[in-house]
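Me: Hello! I would like to get to know a structure that is new to me, one question at a time. Could you walk me through it?

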Amino acid sequence: MAEGDRQAAQTDSVYRHEVAENLPAHSHHDAEVFVEARLTRYWRANLRVLTTLLGVWAFVAFGCGIVLGDWLDQFHIGGFPLGFWFTQQGAMLVFVALIAVYHLWMSRIERAHGVDDDPDRSVSPAGKPRR
Amino acid sequence: MSSQGYSFLFVGLSFALYIGIAFWSRVASTREFYVAGGGVHPIVNGMATAADWMSAASFLSVAGLIAFAGRDGSVYIIGWTGGFVLLALLLAPYLRKFGRFTVPEFIGDRYYSNAARVVAVICLLFISFTYIAGQMRGVGIVFSRFLEVDIDTGVVVGMAIVFVYAVMGGMKGITYTQVAQYCVLIFAFLVPAVFLSIMWTDNPIPQLGFGSRLNDGSGLTVLQKLDQVTVELGFSAYTQSHRSVIDSVAIVAALMIGTAGLPHVIVRFFTVPRVSDARRSAGYALAFICVMYTTIPAVAVFARLNLSESVNEAAYATAPAWVKNWENTGLIAWQDKNDDGIIQYRAGAPFAPAKPEFTEARGRHGERLLGNAPGANANELYVDPDIMVMANPEIAGLPGWVIGLIAAGAVAAALSTAAGLLLVISSSVSHDLLKRTFAPSISDRAELRCARLAAVAAILVAGWFGINPPAFVAQTVAFAFGMAAATLFPAIVLGIFSKRVNQPGAVTGMLAGLAFTLGYIVYFNFVAPELNQSEHWLLGISPTGIGALGALLNTAVAIAISRVTAPPPIAVQEMVDDIRIPSGAGIAHHH
């Protein structure tokens, strides 16, 4: 994420309408266009994250677990044939890790695009802190 | 104290705990009833989700299933756990942002139609009731074996307990009870697993133990030994897989998509405060589930070893007591084909039909005689896979309190899932059918009263299933997951990731997925069960895996029909834009 992007995000969240409303009319329009472009960028970034992580997910579940299973059995991890280990242990560990990575990665992207839901930083549509 | 005494003690104590929590968490508003007020911490919610999702089948049956299926059983493990990745990445954050109470509510609002909402409610009711039937059977098994009370009495007691905390506390009561139930069931599952692992390998961690060397000085690893034993007895090697690749892929996909489409799991992510908490909570839920699911394959391996080593070639007259105990419940049967008084355990079905049909008479050695025709093979032993977890402590000679613990754990697993299902049933009836469709003018208090009445009705139906279990419980699992995969999941994902999919597309898609999947399962299980073999299956995909094709069909139909009809209204497209952004989620609210 570009540093400029991140700074812009911090000063202008989608739901901070009051910022835009206090500006002259033409800037109001500019701000809206700007917000829309930023949301599109956010959504694209989100889809990139999903494609990457689901790619890993499918490779581990269907690839290591099933299709490549017999081939992987020639390697061993401890007393486990590797393919067998993936189907009964490894795949699950990868799944947990994937959700953890997803959470951390998305939190960064959301902060950078100013769409995160941190109650300490973001402000509700009514202009009051949400809690 | 006897193991039965311990069972009564532990089950009684856990019931007292659940009822205590129920009184502490009584609710007065629909928001608390449906989504626990929306303020549940992600760790608490993750733990409750884990208990909600881990059913009696997870606790009692999966280890037994894998013990007998070996590597082929892995598809269930990968499928059920992998579904949480889909849930976390594709559903949880967006549904939390949507911020209402139920799954049909999302489908009804996104596809701006009561028809879509009602179709979703029907799918949800079908999924939930088939699932509950299995839970009640689990409660029945535990009560009849460990407490030696009548199955019917056991089911009634179980239902009464769920009644107290689900009807009084709604989602709030259920959430905090489920946290307690998770602790009970995970402790109950891990203790025997640790004992077994130490017994065979000296390694106290079961996940590592079943890949270690045996402690008998033979130098073999546990898996090498098990492969050896299974091959010797005429089975195929434990670590080898035999299912076709396409069928394995389809089953894994159907179970994953089905898991992510289970309404009682999805609805849990409505209860956390923020969108990021929904993601985090899904992660915690899977981590808590994996504590148990990584232990299951280890238990399966040790159980299979124990069974082969302790029963095969043992004289029936001097066989361990657990063999006779379980024979009395009808879940073990022995037919002395060669009349030598010794139990031979080999590959193949011991007799036909596959389920034992006991006559009243006893044989020469005191065994229960069977009316079944003996099979041509040398196998004399019938073991119901469902008993592997429950019989494990007895087989391994563990102390009586471990058996009591298993009883309490299995009941906790069954009740937590049943309660979660009852809640989605009652909320979809009171909220989606009454409030949102047929009686919009109903007040908050009247709605809450209806929700409680619906919960009572659902409990009665579930109890009826428990007392008169349908003969096809095993197949109902395939039903529930196949249906969830083919109906709800595609409709929700398309609703989030496409702004173009509209009402006619989604409704026909769901109906197409439903008809195809249901038709396929019913055809192969009930209409023509004799054809239920891989050469007759469509593309070689078994009824268990057909939900994956159903989901594809649903998606294809929904997209195709949407292309040729008008796009959704602007307001709906704006709603989709809104749920895609995490900020400004607020709390779950009324329409």
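Me: How do H20(B) and H21(B) run relative to each other, parallel or antiparallel?
Reply: This is a predicted model, in which local features need pLDDT of at least 70, side-chain atom pairs count only at pLDDT 80 or more, and totals for chains, interfaces and linings use all residues. Residues are numbered from 1 along each chain as its sequence is written, while chains are lettered from A and ligands numbered from 1 in the order in which they are written. The axes of H20(B) and helix H21 (residues 503–527) of chain B come within 9 Å and cross at roughly 155° (axes are lines fitted to C-alpha atoms, for helices over the stretch in contact, and angles run from 0 to 180 degrees between N-to-C directions). Angles under 35 degrees count as roughly parallel, over 145 as roughly antiparallel, 65 to 115 as roughly perpendicular and the rest as oblique, and H20(B) and H21(B) are therefore roughly antiparallel.

Me: Which residues of H21(B) does H20(B) meet?
Reply: Two residues are in contact if their C-beta atoms, placed from the backbone, lie within 7 Å. On the H20(B) side the residues are B:Pro490, B:Ala491 and B:Leu494. Their partners in H21(B) are B:Ala506, B:Gly509, B:Met510 and B:Gly513.

Me: How does H6(B) lie to H20(B), oblique or perpendicular?
Reply: Helix H6 (residues 103–110) of chain B and helix H20 (residues 488–497) of chain B have axes 10 Å apart and pack at an angle of about 50°. That angle makes H6(B) to H20(B) oblique.

Me: Which residues of H20(B) meet H6(B)?
Reply: From H6(B) come B:Val103, B:Phe106, B:Ile107 and B:Arg110. By class, this contact of H6(B) with H20(B) has six nonpolar, one polar and one charged residues (Ala, Val, Leu, Ile, Met, Phe, Trp, Tyr, Cys and Pro count as nonpolar, Asp, Glu, Lys and Arg as charged, and the others, Gly among them, as polar). The H20(B) residues are B:Leu488, B:Ala491, B:Ile492 and B:Gly495.

Me: How many helices are there in chain B?
Reply: Helices (H or I, at least four residues) and strands (E, at least two) are DSSP runs, numbered from the N terminus. Chain B has eight strands, and its helices number 23.

Me: What is the radius of gyration of chain B?
Reply: The radius of gyration is taken over C-alpha atoms, and the globule rule is 2.2 Å times the number of residues to the power 0.38. For 591 residues, a compact globule would have a value near 25 Å, which agrees with that of chain B, 24 Å.

Me: Which helix gives the most residues to the side of chain B that touches chain A?
Reply: Across this interface, 42 residues of chain B are in contact with 41 residues of chain A. Elements that give two or more residues to the chain B side are helix H5 (74–98), H10, helix H11 (245–260) and helix H13 (275–293) of chain B. With ten residues, the one that gives the most is H13(B).

Me: Is B:Val118 buried or partly exposed?
Reply: B:Val118 is found in helix H7 (residues 114–146) of chain B. A residue is buried if 20 or more other C-beta atoms lie within 10 Å of its own, exposed if 12 or fewer, and partly exposed in between; C-beta atoms are placed from the backbone. B:Val118 has 19 C-beta neighbours inside 10 Å, so B:Val118 counts as partly exposed.
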